[in-house]
Amino acid sequence: MKGTNLGEFEELVLLIVVAKPDDAYSVAIAKELERITGRKVVHSVVHASLSRLLKKGLVDSKMGEATAERGGRRKRMYSISAAGRKALELAKSHRDMLWAMINEQSVAKT
Amino acid sequence: MKESANPPKWANRFLEWYCKPELLEDLQGAFYEYYHERITAGFYNKAKWMFILDVFMHFRPYTINIKSQNSNTMLLGHFKVSFRNIRKQKLSTILNTVGLGSGLACFILIFLWVNKELNYDTFHEKGDRIYRISNTFKSESESFSQAPSGPALGAQLDDIFSEIEESARVGHTSERVFVNNEYFFESGLRLVDHNFLRIFDFKLLAGNRNTALNDPQSIILTESLAKKYFGDKNPIGESLEIDGIELTVTGLMEVPPETSQIQFEALIPLMIVKQLWDFESIDEEWGGGSFLTYLLLSEGTDPDQLGHDITAFIGEKLALEGWAERGMSYEYFLQPLKSIHLNSNLRYDTPNGDMRIVLIFIAVAIVILLLACINYVNLATANAINRSKEVGIRKVIGAERRQLVLQYLVESFLIVSISVIIAISLVGLVLPSFQEITGYEHFELLTIRNLIYFLSLIVLLTIMAGLLPALLISKVAAIKVIKGNLKSGSQYSLLRKALVVTQFTATVVLLISILVMNDQIAFIENKDLGMKTDGVINIDFHGHDEVRDQVDVLRQRVSQLPQVNHASFAYNSYPVFGVSNSTTDVETGDGTMITSSIYTLRVDQDFSNALGLELIAGRFFSRDFPSDTTESIVINEACIQNFGWKDVEDAIGKKFGREPYLRKVIGVVRDFNIEGLYKKIEPVRILPVSNDYYYTSLIVNADLSNPKAVYDQLESVWKEIIPAVPFDASFMNEDLKNQYTIVYNFQSIFMVFSVISIVIGCLGLFGLATANTNRRIREVGIRKVLGASVYEILTMINKDFLYLIIISGIVASPVAYLLMEEWLDIFTYHVSFDWFFILYALLGALILTIITVSIKAYKTALANPAHVLKDE
């Protein structure tokens, strides 16, 4: 296992899991990603990403309720784990630091 | 609708087979959710497609359920190694998949089309028992077969012969329909017997199958026509008028399937003709007639025997009317409904397909597939030398041959699968234009049945293309490889050469075919038809009385238009497709009168000028000779030989008909192709129309330097004089050309397929040349050191392929000749096979080869010999 590093895409997926806990299953996540990024998001990529997150222990999953359009099949609902939350916070702190540096520079320039 | 409510079963099963059980429910649910969403949005095809795509896209290591460690790991290993090999050999993978993929795309397209052509009229439940009764008419001077029979057959036969359960007639008619205060000309109307819908299973959407056609004043509309007349309103119970007779809509039908030989836009009970055409005796006429008669036979009837019985029975009836003593007779035969589309070529039939064209395309499809396979085999065996080390090592480590064969088959399977996916996407891409060219609107690409075919195609191709290389490569003895004394190069070269010859042969055949087709098409376009069709506009008024009342006014007004040269009224609409024939008495060369059936045109005095007919003897009808209308006749040149007259001059004064309607020939016109080049020129008699009430159309010969302006002027004159009849005009040139659409389309499809297969051939050649030059790279180096020039080296490498072309040419010529003779035979007037085409084609193949081979060889020849020879 390559440790618990978060890829950019994984980070987005994870953020959506946190942001929309009621709708955190693969199809809805793919659609939400598509809506936010404006890019075409393929289901297989999201599903693979989720399964990687699961393997890294960043999300937990349990089977949710069944719906008619899914032919009576249940969906796998994801929720963020403690490790996942930590990884997200870490990623955010890295970014904040970098942005702070950028802002200082631009202030100095002007 | 029901069927598409569920995603493709096989894809589902595949998913269930490979997916880990703990992931299955969620994944399958997700696919269903997408599927459901797309269906709801109305994208049926897309939903199906995407479902399949999803299933394959999720076929990934983390989803695959490894059931039994042993065999699956092994297979998985094979897949892994195959993937690596495919990635490693990028060039040959691309050549292989593109070649195979485009070849397969052609194959699939042809498959779709052939599938349509071969499945005409298969949707009738009782189809196996439905026959059409057609006949061969014989007279003293001729004999021809035609589709329509006398109307009495359809009316009476089922009562007379117990083996005929039902009989129904179908008549074509075009009428002016008056509905919602608007006039429409409709040519898709069919007059049918009341039991028509009991025999044929055309889909009725509203109305009663058994009673909808009972009242003569009723009409069943197809959806498209109903929409045109009544919009979205329910058409049942609405009324419309045909020629002043009011009809009530009693039914609504689906438009007949494309693969139906019987096409219509509306059905009208046949009995209406008693009012419409004053045809009271319709059920009593055994001869003549324009109706197609269909019979539903009871189980186990022998159609040939029945044909004989009917011939005998009707022969007696007609003998009573004096037919036998005039030497005329009918011989009836029964055609199975399903065979009519491809195997019937009769006069006065609806447009048909042609079995020969279907066969040519099947041959082309097989050739293309074969070419693509040969490519694969060629490239694979050419690479064998690189792989032999791998095979040797594997064998030393302990691989069995069986495993090696499996390994290579898996590799082929992967490449074939990729190719099939490429092919299906290509087909999806070009399908819209293919539909336009073939005239079929609905091709079903992704039906369950087709997908099964495609899967079996993958398996078949894997075996066809993959087995031979697999067996050859795995044969290598390990010891030879390890010792390093494997003779490089010459392995399997005979096999490869044989394959290349096959490929070249196909290429040369296709090149020759293209040349012949272009030649024939140029011939069609430039053939002198014996009449002047440029600048002729035909205004068809379908014989409406409003026009007939105004013939003189119209003639005068139209002639006055500055660009108009001549205006002529005629009984037919020009060009005439299906000139009617009738029987008459004719004076032969030795002075006796015989009875003959002859094509008849009824026209006015301006006709020969309007169509630019050339008089080779005598004169045409003239207003200066009022007696022309009752005493004169003009004939074409073909009559002279047919009736045994001496020459053109001898024809003048010959007698036609019998007292009191005797006419004498006053003029002979040069032969003209009134129907285009499919039909042979036959004897034609031209009669003057005695009464304005026979005219159905107006032929205008005009200076068409500005066709739009002339057309508009004619239209405005027309609208002013006869507003109640729609202006239905067309350019004769275009109409004539339109009948060749099928030929043009055939040629363009054939052209595209040929180019693709030639490209495939070149790809294979390129791959082969690459392998070949790589093998000889050191030889080339040494030759260069010893002083060979680049030109000499190119010649050396090309030489290998040149004599293969010569052999191909020898094999290809007779094949191309036979194939093209068959195709040319479709045309009554055609070019002869030009042997020079073989030369051209060979030259073309030669140039292609040299270019293809040299691309690679040139690079090798330029290389610095020091680099090549260094590592020895």
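Because the model is predicted, local features were required to have pLDDT of at least 70 and side-chain atom pairs pLDDT 80 or more, while totals for chains, interfaces and linings use all residues. Residues are numbered from 1 along each chain as its sequence is written, with chains lettered from A and ligands numbered from 1 in the order in which they are written.

Most residues other than glycine have a negative phi, and most peptide bonds are trans. The peptide bond joining B:Tyr574 and B:Pro575 is cis, with omega about 0°. B:Pro575 belongs to the loop between β13 (564–570) and β14 (581–587) of chain B. Here and below, helices (H or I, at least four residues) and strands (E, at least two) are DSSP runs, numbered from the N terminus.

B:Asp243, which is not a glycine, has a positive phi of about 50°. This residue sits in the loop between β7 (239–242) and β8 (245–253) of chain B. A positive phi near 50° is also found at B:Asp278, in the loop between α9 (273–276) and β10 (292–297) of chain B. Burial was assigned from C-beta atoms placed from the backbone: a residue is buried if 20 or more others lie within 10 Å of its own, exposed if 12 or fewer, and partly exposed in between. B:Asp243 is partly exposed because 17 other C-beta atoms lie within 10 Å, and B:Asp278 is exposed because 8 do.

At the interface between the chains, 15 residues of chain A are in contact with 15 residues of chain B, contact being defined by C-beta atoms, placed from the backbone, within 7 Å. On the side of chain A that touches chain B, α2 (26–37), α3 (43–55) and β2 (74–80) each supply at least two residues. Helix α3(A) gives the most, with five residues. By class, this side of chain A has three nonpolar, six polar and six charged residues. Ala, Val, Leu, Ile, Met, Phe, Trp, Tyr, Cys and Pro count as nonpolar, Asp, Glu, Lys and Arg as charged, and the others, Gly among them, as polar.

Two helix pairs of chain B were examined. Helices α13 (residues 401–438) and α14 (residues 448–475) of chain B pack at an angle of about 140°, and their axes are 8 Å apart. The axes are lines fitted to C-alpha atoms over the stretch in contact, with angles running from 0 to 180 degrees between N-to-C directions. The contact of α13(B) with α14(B) comprises 17 nonpolar, five polar and one charged residues.

For helices α25 (residues 741–775) and α28 (residues 836–862) of chain B, the packing angle is about 30° and the axes are 9 Å apart. Residues of α25(B) in the contact include B:Cys762, B:Leu765 and B:Phe766, and those of α28(B) include B:Leu848, B:Thr849 and B:Thr852. This contact has eight nonpolar, five polar and one charged residues.

Helix α28 of chain B also contains B:Ala845, which counts as buried because it has 23 C-beta neighbours inside 10 Å. Not counting residues up to four places away in sequence, B:Ala845 touches B:Phe504, B:Thr507, B:Val508, B:Leu511 and B:Ile805. The C-alpha atoms of B:Ala845 and B:Thr507 are separated by 7.4 Å, although the two residues are 338 residues apart along the chain.

Notes. Contact = placed C-beta atoms within 7 Å.
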